[in-house]
Amino acid sequence: MKFDDPVHVFEAEAMNTQFVVRIHHPVRSLAFGLAGNCFCQLEDLESELSRYRTDSEVTRINELKAGESMLLADATHRCLQRAMEATAATAGLFDITIGAQTQESGSAASHEEVSVGRLALAPDRPQITCEVPGRQIDLGGIGKGFALDEMAVTLTDLEVVSAFISSGGSTHLAIGEKPWGVELVGDENRFKLKLKGRALSSSGTAELGSHILHPDTGEAPEYCFKRVWVISDSAALADAFSTACLLMDVEEVEGFVASQGGKVEVYVESPDDLLIRKIG
């Protein structure tokens, strides 16, 4: 495989969104087989991570009663660990356990009920415990980003030298040394950059409105940005960080970027002038 080989594109529906795999390869049929490995992996991950599957591990976690514990599959455990890493890095602004108050049904729990709930991941084994009821896990975007990270490992193990994989059009991961051109698209402006061996994810209010709630209040804040894009080494973290950064102001984003020691890049679209600019 070489960088000047043709790019073959394959798509699949999973985790309530569309995944796209682009692979540089001289033979389309072989590229199709490589993508097929990724899509089989997606099916397995969806069976563990989706809260829309009645038999998934996440659903079983959400059904735990006070004092009950369950052992986790390896992928579920690693995804939850990644989510905990994102929560710590964003001082709690990213929180996968407020799913109960963001459910679309009329039975969604109140912020007070969710805020007192507590799930605990064991530090020394793949086990989770419901210490106090109220919390509901919704992996959402970080689950899709985690899937991209897992697919990247698979493609790398299969000696794919260059690929570009995406979930839902909002999270992308470039694999290999070839830079892939990407475009940050705002309402009135566009910003072009190159992505090489890293992930890009975006969050915003333009398409879904005020859908990201502040974990401290359970309500949508007055967002300082219309859109946020984050570049990170991990697609899961890029997705989580873009969600959290949408809840921050400029100074908080600057502090967050500084705290990551150059590991992340953040771009924002201001709702006032609709300019896209880099922060930090």
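These legends accompany close-up views of a predicted model.

**View 1. An open antiparallel sheet of 8 strands.**
The strand order is β1-β2-β6-β7-β10-β11-β12-β13. β1 (7-14) and β13 (276-279) are the edge strands, each pairing on one side only. On average, neighbouring strands are turned by 15° against each other, direction ignored. Strands of a sheet pair through backbone hydrogen bonds, either parallel or antiparallel.

**View 2. Helix α1 against the β1 end of the sheet order.**
Helix α1 spans residues 28-49. The helix lies across β1 and β2 (17-24). Its direction runs at about 20° to β1. β1 is also one of the two edge strands.

**View 3. Strand β10 between β7 and β11.**
β10 covers residues 199-204. On one side, β10 pairs with β7 (residues 171-176) in the antiparallel sense over 3 bridges. Here L173 has A199 of β10 as its bridge partner. β10 also pairs with β11 (residues 227-232), again antiparallel, over 6 bridges. Two residue pairs mark this contact between strands: S203 is bridged to V228 of β11, and S202 is bridged to W229 of β11. β10 is mostly covered, with 5 of its 6 residues buried.

**View 4. L80 in the largest nonpolar core.**
This core holds 70 residues. I61, L80, I128, I137, L139, L155 and I165 touch the most other members. What does L80 contact beyond its neighbours within four places in sequence? The partners are I61, L72, I96, L121, I128, I137 and L139. In soluble globular proteins, nonpolar side chains tend to be buried together.

**View 5. A second, separate core of 12 residues.**
Among its members are A174, L184, W229 and I231.

**View 6. G262 in the loop between α8 and β12.**
Is G262 buried or exposed? G262 counts as exposed because its relative accessibility is 64%, and the cut-off for exposed is over 50%. G280 lies 18 residues away along the chain. The C-alpha atoms of G262 and G280 are separated by 9.2 Å.

Key: Residues are numbered from 1 along each chain as its sequence is written. This is a predicted model: local features need pLDDT of at least 70, side-chain atom pairs count only at pLDDT 80 or more; totals for chains, interfaces and linings use all residues. Side-chain values use heavy atoms; hydrogens and water are left out. Helices (H or I, at least four residues) and strands (E, at least two) are DSSP runs, numbered from the N terminus. Buried means under 20% relative accessible area, exposed over 50%, partly exposed in between (1.4 Å probe, protein chains only). Two strands pair if DSSP finds at least two bridges between them. Axes are lines fitted to C-alpha atoms, for helices over the stretch in contact, and angles run from 0 to 180 degrees between N-to-C directions. Contact means heavy atoms within 4.5 Å. A nonpolar core is a set of buried Ala, Val, Leu, Ile, Met, Phe, Trp, Tyr and Cys residues joined through side-chain atoms within 4.5 Å.
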